[in-house]
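Good morning, and thank you for coming.

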Amino acid sequence: MLTPAKGLTYDAVPHAHMVTTAEQVARAVLQNSPFVRCFRCLSAQVGMLEKDAREAAQVLIVRDQFFVDRRVCQVCGHTDEMLVSGKAP
Ligand SMILES: [Zn+2]
């Protein structure tokens, strides 16, 4: 009979949460491309706090699939640093 291996713990829950929010943000950015949205509009789009969207962006930037660039928001027209898909130029 199979028994669970001793010493194994599932401690990936906070990390899994970050992965999920990062995936949500990544999907929204790719969906909006070639247009971009500021973090306020992007977080509203995915239904999370702006703080969480910015944290998720950090994860995506570290993975080197996204970068931050000074752009004009598609929704509010605000010029700011925004998350863009692709490698940094
Ligand atoms: Zn905006």
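Let us begin with Leu83, which, setting aside residues within four places of it in sequence, is in contact with Val29, Leu42, Ala57, Leu60, Phe66 and Val68. Please keep in mind that this is a predicted model.

Leu83 also belongs to the largest nonpolar core, a group of 16 residues. Leu83 is among those with the most contacts inside this core, together with Val25, Val29, Leu42, Ala53 and Ala57. Which elements each supply at least two residues of the core? They are helix H1 (13-32), helix H2 (39-46), helix H3 (50-62) and strand E2 (79-85). H1 contributes the most, namely five residues.

I turn now to a pair of helices. In general, the packing of two helices is described by the angle between their axes and the distance between those axes. For H2 and H3, the angle is about 100° and the axes are 8 Å apart. An angle from 65 to 115 degrees counts as roughly perpendicular, and H2 and H3 are therefore roughly perpendicular to each other.

Which residues meet at this contact? From H2 come Phe39, Arg40, Leu42, Ser43 and Val46, and from H3 come Glu50, Ala53 and Arg54.

Finally, a word on confidence. The protein chain has a mean pLDDT of 86, with 79% of its residues at 70 or more. Confidence is highest in H2, at a mean of 97, and lowest in H1, at 82.

Methods. Residues numbered from 1 in each chain as written. Predicted model: local features only at pLDDT ≥ 70, side-chain atom pairs only at ≥ 80, totals over all residues. Core = buried A, V, L, I, M, F, W, Y, C linked by C-beta atoms within 7 Å. Buried ≥ 20, exposed ≤ 12 C-beta atoms within 10 Å, placed from the backbone. Helix = DSSP H or I, 4+ residues; strand = E, 2+ residues; numbered from the N terminus. Contact = placed C-beta atoms within 7 Å. Axes fitted to C-alpha atoms, helices over the stretch in contact; angles between N-to-C directions. Parallel < 35°, antiparallel > 145°, perpendicular 65-115°, else oblique. pLDDT = per-residue confidence, 0-100.
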